Every structure is written in structure tokens, then in C-alpha cells.
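Hi there,

Here is the structure I promised to pass on to you.

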Amino acid sequence: MSKVIIVTGAGRGLGTDIAREALAAGHQVVATRRRPEEVEKTLGEPQDNLLVTRLDVTSLEDAEAAAQAAVDRFGRIDVLINNAGNFFAGYFEEISPAQMRQQFETNLFGPMNVTRAVLPHMRAQRAGHVITITSTAGLVGMEFTSAYAASKFAEEGWMESLRYDVEPYNIHTTIVEPGYFRTELLVDGSTTWPELSIDDYAPRTAPTIDGMKSMNGKQPGDPAKLARALLTIAQQEKPLLRFVAGADAIEAAEAKAKELLAQAEASRELGGALAYDNAHA
């Protein structure tokens with residue numbers, strides 16, 4: 001069944017693949033980016049089932065205008081795919097406070113803005129699906145990713161809780177946790193390196209940056225296949241609440257689940273006896 005799908009960050013990388021695959025599958029697509037001319041360049045000639053519109057996800061006004069444009073053009077919004085994001089890499093002390101805030105503005109408050117703009121339309125039609133792309137870094141903290149992982153962990157907590165808010169209105173939510181896919185996340189336009197420099201970290205910072213840059217174009221995941229998988233989930237009657245995308249992501253999720261269970265068990269004796277004594281209640 002054809003759906004009206006909003007895709008953020010559609011000018012390059014995974015967002016472009018999602019928009020292309022959705023158009024090829026016969027959906028009506030609202031493709032957004034801060035610079036809409038980049039979307040037009042990547043997706044080609046104007047099409048009846050494509051609306052390209054400006055959207056800086058850090059602007060609630062932009063988000064509201066894009067949502068209204070989608071409804072004006074296609075009459076409804078069935079699926080929102082929160083894809084836009086960026087990556088501030090570095091050791092925590094070397095990431096400036098301003099960089100940390102920028103990371104959260106784009107990766108957390110950005111999708112919140114767009115979702116806030118879309119939900120009134122979905123509630124009015126009593127149907128909809130919010131798909132938010134987080135990361136394996138939203139499940140597992142890793143070296144050199146404190147800002148990115150923090151924003152993605154926060155995004156996961158928001159989405160897990162949002163599910164209960166919107167379920168009564170027949171609105172579904174899906175968290176997507178990709179592993180390493182051959183997108184443009186590691187190029188300079190999407191990745192920002194630390195502003196600060198601390199001598200203690202210096203022997204590790206430069207080699208880590210070089211290692212990350214060398215990974216670009218060699219990631220195992222195929223973004224076109226991920227895009228098609230997302231469209232499959234968007235068509236499910238009861239969509240997955242959480243989609244762990246990629247063999248590497250599945251392996252990481254399994255390891256994290258085992259670690260959590262082990263830590264819960266290790267905490268049982270000390271942590272399980274912290275309730276008030278009935279005698280002193």
C-alpha cells in the first residue's frame with residue numbers, strides 16, 4: 001500500500017537511499033534537508049510523488065512548515081523517518097561544551113522537533129509510524145564516541161517512552177540501530193573532530209582519527225538494503241519496536257544483553273536488599 005513518507009536528511013547518504021527506494025516502491029515522499037537544492041540534485045527531475053522541502057531539524061518552525069507542506073501536497077503523513085544526524089567524535093575532555101550541545105541539538109532535539117510537528121497530524125488521522133534511526137552507539141558506549149553515544153542513548157530513551165504516549169492513537173514507533181553502513185557519516189561534512197587538545201590524550205587522538213577516516217567506504221553494510229528493510233518495517237501491521245540492523249549490530253546487541261544480565265546478577269546480593277525493613281516502615 002502506498003504511503004506518505006517524510007525523510008529527514010535526504011540530500012545524501014542513507015537518506016537519499018531511503019527516498020530513492022521509497023519512490024521506486026510507489027510511495028509519496030517528502031524529502032527534506034537544510035539545502036533542498038542538494039536533494040533535487042541527488043533525486044533528479046521533479047516527480048508527482050516527490051515533494052522536496054527545506055528542513056533544518058534544529059528549527060521547530062522549519063519542522064512545522066515541512067509537516068504542513070506534506071499535508072497540503074499529499075493530504076496526510078503516514079510515516080516519519082528521522083534520519084538526519086551528525087557525529088561529533090573525540091574523547092570527552094577534548095570535546096568542547098559547545099560541541100556537546102551541538103551534538104544534542106541535531107541528534108536529539110532535531111528529531112524531537114520534527115516528531116513534535118508531525119504528531120498532531122498523525123493523531124488527527126489516528127494512524128502513523130515514527131521511525132527514528134539511532135545507532136549501535138545508542139546501545140553500546142565506545143571509545144572516542146562519548147558525545148555521539150550520549151545523544152543516541154538519549155534518543156533511545158525518548159523513543160522507548162514515546163511509544164506509550166502515542167499507542168492509544170494507533171501511532172507506532174520503531175527504533176533503528178544500524179551497525180557500520182557505507183553511508184557518509186564518516187566524511188568531513190558529517191563528522192566533526194574535537195576542538196580541544198589535551199596532552200594526555202594526544203598519543204591516542206591522532207591515530208584514532210586516522211583509523212576512523214580509513215574506515216570510510218569500507219563499512220560492511222549496504223545502505224540501499226537497509227533502506228529497503230526500513231520500508232518493509234513501515235508496511236508491517238505490527239511494526240518492530242526495535243530493529244537491530246546489520247550482523248555487527250546484532251552481535252553487539254547480544255553482547256550488551258549478556259553483559260546487562262551478568263551485571264544484574266552480580267548486583268543481586270547488594271542491590272536486591274535495599275528496600276525498607278517492614279519493621280521500620
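Below is what I found in it.

First, the ground rules. This is a predicted model, in which local features need pLDDT of at least 70 and side-chain atom pairs count only at pLDDT 80 or more, while totals for chains, interfaces and linings use all residues. Residues are numbered from 1 along each chain as its sequence is written, and side-chain values use heavy atoms, with hydrogens and water left out.

Let me start with the nonpolar cores (sets of buried Ala, Val, Leu, Ile, Met, Phe, Trp, Tyr and Cys residues joined through side-chain atoms within 4.5 Å). Buried here means under 20% relative accessible area, with exposed over 50% and partly exposed in between, using a 1.4 Å probe and protein chains only. The largest core has 27 residues, and Ile 18 and Val 29 have the most contacts inside it. Among the elements that each supply at least two of its residues are β1 (4-7), α1 (13-24), β2 (28-33) and α7 (223-234); helices (H or I, at least four residues) and strands (E, at least two) are DSSP runs numbered from the N terminus. Helix α7 gives the most to this core, with six residues. Apart from it lies another core, of 26 residues, including Val 4, Val 30 and Leu 51.

Strand β2 is mostly covered, as five of its six residues are buried. It pairs with β1 in the parallel sense over four bridges, where pairing requires that DSSP finds at least two bridges between two strands. Ile 5 stands opposite Val 29 in β2. Beyond its neighbours within four places in sequence, Val 29 is in contact (heavy atoms within 4.5 Å) with residues including Ile 5, Val 7, Leu 23 and Phe 74.

Glu 156 is in helix α5 (residues 146-166). Why does Glu 156 count as buried? Because its relative accessibility is 5%. Leaving out residues up to four places away in sequence, Glu 156 touches Thr 134, Ser 135, Gly 138, Leu 139, Ile 175, Glu 177 and Arg 242. The C-alpha atoms of Glu 156 and Leu 139 are separated by 8.3 Å, with the two residues 17 apart along the chain.

Leu 119 belongs to helix α4 (residues 97-125) and is buried too, with a relative accessible area of 12%. Not counting residues up to four places away in sequence, Leu 119 touches Val 130, Leu 162, Val 166 and Ile 171.

Best wishes
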